[in-house]
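Okay, thanks everyone, let's get going.

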Number of protein chains: 2
Amino acid sequence: MKKDKDASTEEKIIEAARKVFTRKGYAATRTRDIAQESGLNLALLNYYFRSKEKLFEIIMAEKVVQLFGTIAPIVNNMDTSLEKKAGDIADAYITMLVNNPGLPLFVLSEIRNNPQMFGDKIHAGKILTESYFVKQIQERRPDINPLHLMLNLLGMSIFPFICQPVLEGANVITGRAFESLVAERKNLIGIWFNALLEA
Amino acid sequence: MKKDKDASTEEKIIEAARKVFTRKGYAATRTRDIAQESGLNLALLNYYFRSKEKLFEIIMAEKVVQLFGTIAPIVNNMDTSLEKKAGDIADAYITMLVNNPGLPLFVLSEIRNNPQMFGDKIHAGKILTESYFVKQIQERRPDINPLHLMLNLLGMSIFPFICQPVLEGANVITGRAFESLVAERKNLIGIWFNALLEA
DNA sequence: CTACAATTTAATCATTTGATTAATACATTT
DNA sequence: AAATGTATTAATCAAATGATTAAATTGTAG
C-alpha cells in the first residue's frame, strides 16, 4: 500500500490551480479549466482535494502569506533605522511583485468577495498597528496617525501593480518598460518616504 | 401604444445590477440575485436588457467613467498650478470614493479579468500621458518619469480604499474611523505631493 | 506471480444558471 | 367597450458546472 498519494499529481493540480485561480479569481474559475491546465482528469481534483473550495483555500492561504508575509521580517527588525526599513520594504515588495504582478489584485479582490473568510488569519493587522516599524514612525512623527505613512509606503510599492492591467490596456506603459519603471522605484521610494517624514 | 418602456422598471433593474455587480463582480453575480435585489421578475432583465453581459456593459461603462472621469476636468485645467491640481485631485477622488469605496477594486478587477474588453475605451491613457497636469510635472521635474509622481498621487488617494476590506477585516480601522482617516488625507496629500516634488 | 490497495478514467448525476416562451395583466387608442 | 400593443409572470429549457461513481489501470507487498 502506498503511504503517500502521488506527490507529483497533487503538485500538478496545485500548480494548475494556482495559475487559474490567480488569473481569473475563484468565481470565474471552472474546475474543468484547472483539470485542462494540469493535463489531468477532472475527477482527480476531487480525489486529491475534496472540492473546488478546499483547493481554493490552499491557494488562497499561500497567496495571503506571500502578500502579507513578505515584509513581516523587515518591519520587526530591531536593528535597522526607520529610513532603512522603508527602503527595504519597498525593495522586498517590488522584487516579489515583479514575479507576481497579479498577486495584490487577486488577494484583495477575494478578501473583498468573502470578508468573513479571513477573520484573524491575516497578520496585516499586527504589521499595521503593532510592528516595531510603526513604533518608529510614531516616535518620529507623533503628530500624525502612523497609518497614513504606512498606507503611503505600501501604496507607492503596491499600487503600480494594481494598476498594471489598466496601464497596459491603455498603452500607457507596456511589459518591459513597466518592469524598468518599478525597478526605479525600488530606490526612489526610500527617498520619497524620507521626504514624507519631513513634510 | 407606449413609446417608452417603463423607465421606472428599467431604472430599478439598473440600480439593482449596479449594487450586485459592484459588490460581487461579474462572475460571481447571478441574474437571479439582481432580480431579487430589484424585486422584479427574472425575465424582465432579459426583456429590457438582452443579456447579463449587456446589462453588465452598461454598469461597467458607467463605473469606468466614474473612476477615470472624476479628475478629467482637473488635470486639463490650464489656470491652476501644479500644487493646486494635486490637492484638487486628492480631494475630488476621496470625496467621490467615500461614497463609492468599492469602485476602484471593482473596476480594476474587471479590467484585469477581461483586458481586451477595454481597448481604448479608457481615457486613463490620455490623463496619464497627455494631460496638462503631466506637462506641468515634466516642467518641474524633467529628471524623472512623470508617471512616478502620477502613480504616487493616485496611489495616495485611491490605495486606502483598495485596502479597506483588509483594514476592516483585520480590525485595523473600522467604518467611521476609516472615513475620518481618508478625510484627513484630503488635505495631507497636497502637502505630501509637494514634498515629493522637491525630493 | 498473485492479491490487494492506490490511482486514473469515462460516464453520469443533480444543481445551478442564463435565457426563452406562452399565457396573463395592464394601458392606450379608437 | 373593443382592439391593439406593452409589460409582467410562472413555467420551462438547454447548457454549464461541481461532484460522484463504477470500472479500468497501475503499482506494491508478500
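So, chain A has 11 helices and 0 strands. Reading from the N terminus, the elements go α-α-α-α-α-α-α-α-α-α-α. Keep in mind that what you're looking at is a predicted model. If you draw a box along the principal axes, the C-alpha atoms of chain A fill roughly 65 × 40 × 30 Å.

Let's go to helix α6 of chain A, residues 82–99. I'll take two of its neighbours in turn.

Start with helix α10 of chain A, residues 146–169. The axes of α6(A) and α10(A) come within 9 Å and cross at roughly 15°. An angle under 35 degrees counts as roughly parallel, so α6(A) and α10(A) are roughly parallel to each other. The crossing is right-handed. Which residues of α6(A) and α10(A) make the contact? From α6(A) you have A86(A), I89(A), A90(A), Y93(A), I94(A), L97(A) and V98(A). Across from them, α10(A) brings L153(A), L154(A), S157(A), I158(A) and F161(A). Sort the contact of α6(A) with α10(A) by class and you get 11 nonpolar residues, 1 polar and no charged ones.

Now the other neighbour, helix α11 of chain A, residues 175–198. Here too the axes come within 9 Å, with α6(A) and α11(A) crossing at roughly 160°. Over 145 degrees we call it roughly antiparallel, and that is why α6(A) and α11(A) count as roughly antiparallel to each other. α6(A) passes α11(A) in a right-handed crossing. On the α6(A) side, the residues are L82(A), E83(A), A86(A), G87(A), A90(A), D91(A), I94(A), T95(A) and V98(A). They meet E179(A), V182(A), R185(A), K186(A), I189(A), G190(A), F193(A), N194(A) and L197(A) in α11(A). What's the class breakdown for the contact of α6(A) with α11(A)? That one has 9 nonpolar, 4 polar and 5 charged residues.

Over to chain B for a moment. Helix α6 (residues 82–99) and helix α11 (residues 175–198) of chain B have axes that come within 9 Å and cross at roughly 160°. So α6(B) and α11(B) are roughly antiparallel to each other, and their crossing is right-handed. Among the residues of α6(B) in this contact are E83(B), D91(B) and T95(B), while α11(B) puts in residues including R185(B), K186(B) and N194(B). The contact of α6(B) with α11(B) divides into 9 nonpolar, 4 polar and 5 charged residues.

Last topic: how the chains meet. 48 residues of chain A are in contact with 48 residues of chain B. The area buried between chain A and chain B is about 4,200 Å², and carbon and sulfur atoms give 75% of that. Which three residues supply more than any other three of the area that chain A buries against chain B? They're R112(A), H148(A) and F159(A), and they supply 17%. And how many salt bridges are there between chain A and chain B? The count is 0.

That's my bit, over to you for questions.

Definitions and conventions: Residues are numbered from 1 along each chain as its sequence is written. Chains are lettered from A and ligands numbered from 1 in the order in which they are written. This is a predicted model: local features need pLDDT of at least 70, side-chain atom pairs count only at pLDDT 80 or more; totals for chains, interfaces and linings use all residues. Side-chain values use heavy atoms; hydrogens and water are left out. Axes are lines fitted to C-alpha atoms, for helices over the stretch in contact, and angles run from 0 to 180 degrees between N-to-C directions. Helices (H or I, at least four residues) and strands (E, at least two) are DSSP runs, numbered from the N terminus. Angles under 35 degrees count as roughly parallel, over 145 as roughly antiparallel, 65 to 115 as roughly perpendicular and the rest as oblique. A crossing is left-handed if the near helix is turned anticlockwise from the far one by less than a right angle, and right-handed if clockwise. Contact means heavy atoms within 4.5 Å. Ala, Val, Leu, Ile, Met, Phe, Trp, Tyr, Cys and Pro count as nonpolar, Asp, Glu, Lys and Arg as charged, and the others, Gly among them, as polar. Buried area is the accessible area (1.4 Å probe) that two parts lose on being put together, summed over both. A salt bridge is a side-chain nitrogen of Lys or Arg within 4 Å of a carboxyl oxygen of Asp or Glu.
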